[in-house]
Structures are given as structure tokens and as C-alpha cells.
Amino acid sequence: MNKVFGVFEDKFLPVAGRIGAQRHLVAIRDGFAAILPLIIIGSLAVLINNLPIEPFQNFMVNIFGESWKDLGGYIWNGTFAIISLVVAIGVSYSLARAYNVDALAAALVSVSSFIILTPLTEDGSGLSLHWMSASGLFVSLLVAVVATEIFRKLAQMNLAIKMPDGVPEAVSRSFASLIPAMIVLFIFGLLQVLFIDVIGTSLQDLIYKAVQAPFQNVAGTLPAVLGIEFTKSFLWFFGLHGSNILEPVIESVYLPGLLENTALFEQGVSAHDVPNIITKPFLDVFVAMGGTGTGISLLIAIFITVKAKQVRSLGKMSAPAALFNINEPIIFGLPIVLNPILFVPFLLVPLVNVTIAYFATSIGFVPKTVVMVPWTTPPIIGGYLATGGSIAGSVLQLFNLAVGALLYLPFLKVLDRTMVKNATNANTSKKEAV
């Protein structure tokens, strides 16, 4: 076992570390993180509009009238309906800032480039909101990265119009980015001419049909999500932040499924009948309870079986953070990192929880997730909210926590005996030395 760990430390971990620090992946991760408040606000608006509690719905109609849901609909239009647009802003801004170029100018150019590539409505009266939503997400990411890279290289070539002294700084910065911005928009304009006027289809439609839709279908399968959860836990075991490393993939693949579910839920479709089982909140609320490895299950097992005082003390100190799905104290304090005794359950528990949650949802025991809840939402509350106000979501969380604790128990007993034995031997050695 030690030889296997040694090989992974020498060969695999440096590569994983470089991937986790890769500039473009970090920008995508940070870009999604920046728009998370909009996603949560839009989700809560949809939840309130469609909360499946008849007395609440009747109360709102009696107080505010039949049009009381309009407010939530307007919030939807400013959040989910333009999600690809705001992603382009967040990713481009983060990437440009990493290059130390004008981040605001780069973000504006990326948004303009994305709009250039967005097809018009059928009657030609305006831009199609269909491609501003999750359907345009892959193109949004692609445009944000490419447009920012071109803008950055042009800006670093000093293709700037220098204004005389005394001109306000904001005006000087605008003219400094004028030529790079002009070239970038010209390039994307030519690209749109090529696809619309020559090829006869839009880049958005082409990429969605050829790449995005098939990729999301594969990623939505149980084997694919098991692979993601395994990789996340595996990286954490070696001290790498698996969640951050895989977050760009998880967000770009599983966020569109949530947005589709939420859109249908907003239209009155039951949370049981929306199409996508695996979404971002599915992983957050049913698997990562207490962080990667289902940390709350680990803490429950510690309090049940472990007698070593230092471990129980660590559990008490780690519990408040784990309640809000923060697991660094227990991962590095126990530690789980490079601990061969906990290697198997740390990888196994998330896989079991994913499988249980997948089948519980697929058979209809639990509604599908339709609301994005903050990843720090404590269990029971998170499952209820994410499933559109279903108590079954909370029940599934409690069941997964119990299963996880049972899986951790035998391994913790071995760890506890080892630690108690080591402590006893240490005390004996001290007495003999005296």
C-alpha cells in the first residue's frame, strides 16, 4: 500500500496540482463562484412561486392577487434567463485579472463578442434569450476564454491610444483598450458572418448539438458521476483540494441540468417529472454533507465508537464547520490525508451515497433537485429546499448520513485501537525512562 501511495505522490499528484492551478480552469471556477448569488436568488424566487403548500399559495393569492408570481418571474428573467451572459462576464473578468490587464474592459469585450455570436429571434426583432440561458453555456465559456486571450495579447502589445495628461483616468483607460477591443469584435463579427451567411447555421446551435447536449447526457449517467466523486475524494486524500480542482467541470456540466429542471418547475411541472437527476445541488445536498467524504457521517461515527480523547476533541471542534459542509478541520486534523486506515471509507461513502440518492430519485421516492441552495446549507434544510420543498429530500439526507456512519464505524474502530495502543506504549516508555 505504501508503494502505491508513493507512486501516486511522485507521478500523479504533481500533475493534478498543476491542473488545479491552471489559469483558465481557475478563471472558470471563479467565474461560476461570482455568479452563484444570482443563481441562488433565482432559485429561491422559483421555490417561493411554486412552493407545494396549498395554504401558502392561497394566502399569497388572497393578499397580492393572481399576479403575485410576476415578481419571481421578473427575478428569473434577470438571473437564470441570462446565465450564459453573466458567466461570460465572470470568467473573462477573472482571467483578465490573472493576467493583470484591464479586467473590466476584457469582460465587456467578451460580453459583446458573445452577443455577436447570439442568433436573432425568428422574426429578427431581437436576440434569442434561448442562447442567453444554459443552452449557450459552452459557447459562453469558449468566448470568454478566447476573447480575453486575444484582448490580453493585443493589450500587451501596447496597441493603445494615449491621451494627454489631465484627461480623467477612466477616459484614458477606455481609449487604451479601444484598438484591442475593436480587433476582437471584428474577429467575432467575421466568425458570425461565416456561420450564419456561409455555413447557414449559428455557432451556438452547432456546438450545442455536437458537443454540449451529448456531453451533458453522458455526464448525467451514474457511472460518470461516480467517477467524479471518486476523483474528488482521491485528490483530497492526498491533500489536494479535489472540490476546487473539479469545480469547473462540475459547474459547466451539471449546472445546465439544474437550470432546465428549474425552468420546468417554474412552469408548473412537478419536481418528480423534470428530466435531470444529477445536478449540482444533487451532489451538494445528498453527498457532500459535511464536505467531501460525507464528513458529518464521519463525525457521527467518531462520537459513537472512538475513545481516544484527542480524536473526540477534534470531532467536537470540527462539528460546527462540518454542519455547514466545511471539512478541512477533520481532513487535516484527524488526519484523513495519507491515512491508510481511512482510505477505503473516505472513497467508498460518497460513492454509496451517490448510488442511493440516484436510485431513490429515479424510482420517485425523492423529487429531483430544482433549486440551487448554497453549498453551506446544513443537512435537512438543504434537502428540503433543493427538492422544491419536499420532506423526502430531508429523509434521504438522514438516511445517507446513517449509511455513511455505519460504513465508517469498523475502520474507526481499527484507528481507535491503534491510537489507544500507541498512547499506551508511549506512556509505558516514559515510565521506563523515568
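Q: Which way does H2 pass H5, left-handed or right-handed?
A: H2 passes H5 in a right-handed crossing. A crossing is right-handed if the near helix is turned clockwise from the far one by less than a right angle, and left-handed if anticlockwise. This is a predicted model, where local features need pLDDT of at least 70, side-chain atom pairs count only at pLDDT 80 or more, and totals for chains, interfaces and linings use all residues. Residues are numbered from 1 along each chain as its sequence is written, and side-chain values use heavy atoms, with hydrogens and water left out.

Q: What counts as a helix here?
A: Helices are DSSP runs of H or I with at least four residues, strands are runs of E with at least two, and both are numbered from the N terminus. The protein chain has 19 helices and 0 strands.

Q: Back to H2 and H5. What is their angle?
A: Helix H2 (residues 23-50) packs against H5 at about 135°, and their axes are 7 Å apart. Axes are lines fitted to C-alpha atoms, for helices over the stretch in contact, and angles run from 0 to 180 degrees between N-to-C directions. That makes H2 oblique to H5. Angles under 35 degrees count as roughly parallel, over 145 as roughly antiparallel, 65 to 115 as roughly perpendicular, and the rest as oblique.

Q: Which residues of H2 and H5 meet?
A: On the H2 side they include Phe32, Ile35 and Leu38, and on the H5 side they include Val86, Val87 and Gly90. Contact means heavy atoms within 4.5 Å. By class, the contact of H2 with H5 has 12 nonpolar, 4 polar and 2 charged residues. Ala, Val, Leu, Ile, Met, Phe, Trp, Tyr, Cys and Pro count as nonpolar, Asp, Glu, Lys and Arg as charged, and the others, Gly among them, as polar.

Q: And H5 with H7, how do they cross?
A: The axes of H5 (residues 83-98) and H7 (residues 137-156) come within 8 Å and cross at roughly 30°. That makes H5 roughly parallel to H7. The crossing of H5 and H7 is right-handed. Among the residues making the contact are Ser84 and Val91 of H5, and Leu141 and Glu149 of H7. The classes there are 9 nonpolar, 4 polar and 1 charged.

Q: What about H6 and H9?
A: The axes of H6 (residues 103-116) and H9 (residues 178-199) come within 9 Å and cross at roughly 15°. So H6 is roughly parallel to H9. Their contact has 6 nonpolar, 4 polar and no charged residues.

Q: Where is Thr221?
A: Thr221 lies in the loop between H10 (203-219) and H11 (222-237). Thr221 counts as partly exposed, at 33% relative accessibility. The C-alpha atoms of Thr221 and Ile278 are separated by 7.8 Å, and the two residues are 57 residues apart along the chain.

Q: How much of the whole chain is buried?
A: Buried residues make up 49% of the 434 residues in the protein chain.

How values were computed:
Buried means under 20% relative accessible area, exposed over 50%, partly exposed in between (1.4 Å probe, protein chains only).
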